[in-house]
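The following exercises concern a single protein chain.

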Amino acid sequence: MKRGRLGVSGALAGAVNGVFGGGGGMVLAPLLGSWCRVEEKRALANCVATILPCCVLSGGVYLLRTGLDWGMALPYLLGGLAGGFLGGKLFTKVPAVWLRRLFAAFLVYGGVRYLL
């Protein structure tokens with residue numbers, strides 16, 4: 001049963017990622033934690049591993065269907081690599097309760113920004 005829930009969670013994350021161009025991890029982290037009963041830090045780490053192929057696939061589809069502005073994307077890619085490296089280093093040092101709070105704060109911030 002857990003494998004089925006993991007599969008459904010991954011499918012939902014991939015669908016959200018494809019439709020919105022990102023954000024699959026915002027769906028996946030809570031699903032893994034609450035619905036699939038995966039420990040928080042492990043759930044967040046697995047989100048990173050899961051979202052990478054989803055982003056590559058979504059990016060490939062966008063590239064084939066509409067084109068991609070590499071000049072605009074390159075600074076974000078470089079910044080994302082630097083931020084990902086730094087975040088990976090900090091991940092092991094931050095307690096799970098603070099990771100959950102930071103994650104929730106980003107969700108609230110993003111939700112408010114989209115509503116306004």
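**Exercise 1. Which pattern does the chain follow when read along the sequence?**

Solution. The model is predicted, so local features require pLDDT of at least 70 and side-chain atom pairs pLDDT 80 or more, whereas totals for chains, interfaces and linings use all residues. Residues are numbered from 1 along each chain as its sequence is written, and side-chain values use heavy atoms, with hydrogens and water left out.

Step 1. Helices (H or I, at least four residues) and strands (E, at least two) are DSSP runs, numbered from the N terminus.
Step 2. Five helices and zero strands are present in the chain.
Step 3. The pattern is accordingly α-α-α-α-α.

**Exercise 2. Describe the extent, surface and contacts of the chain.**

Solution. Step 1. The C-alpha trace spans about 40 × 30 × 30 Å along its principal axes.
Step 1. Of the 116 residues, 16% are buried, where buried means under 20% relative accessible area, exposed over 50%, and partly exposed in between (1.4 Å probe, protein chains only).
Step 2. A contact requires heavy atoms within 4.5 Å. Among contacts between residues at least 6 apart in sequence, 59% join residues at least 24 apart.

**Exercise 3. How many disulfides does a search of the whole structure find?**

Solution. Step 1. The criterion is a pair of cysteine sulfur atoms within 2.5 Å.
Step 1. The search finds zero disulfides.
Step 2. C36 counts as buried because its relative accessibility is 3%. C54 is also buried, with a relative accessible area of 17%.

**Exercise 4. Characterise the two pockets by volume and lining.**

Solution. Step 1. On a 1 Å grid over the protein atoms alone, a pocket is an open set of points where a 1.4 Å probe fits, with protein on both sides within 12 Å along at least five of seven lines; lining residues have an atom within 4 Å of a point. A volume is the space filled by probe spheres set on the points, which are joined across faces, edges and corners.
Step 1. The largest pocket has a volume of about 1800 Å³. Its lining comprises 43 residues, and G22, G23, G25, I51 and C55 lie nearest its centre.
Step 2. Helix 1 (2-20), helix 2 (24-35), helix 3 (40-66), helix 4 (70-91) and helix 5 (96-115) each give two or more residues to this lining. Helix 3 gives the most, with twelve residues.
Step 3. By class, the lining of the largest pocket has 27 nonpolar, 16 polar and no charged residues. Here Ala, Val, Leu, Ile, Met, Phe, Trp, Tyr, Cys and Pro count as nonpolar, Asp, Glu, Lys and Arg as charged, and the others, Gly among them, as polar.
Step 4. The second largest pocket holds about 220 Å³ and is lined by D69, M72, A73, Y76 and L77. Four of these lining residues are nonpolar, none is polar and one is charged.

**Exercise 5. Is R37 buried or exposed, and where is R37 found?**

Solution. Step 1. R37 is found in the loop between helix 2 and helix 3.
Step 1. At 64% relative accessibility, R37 is exposed.
Step 2. Phi of R37 is near 60 degrees, a positive value in a residue other than glycine.
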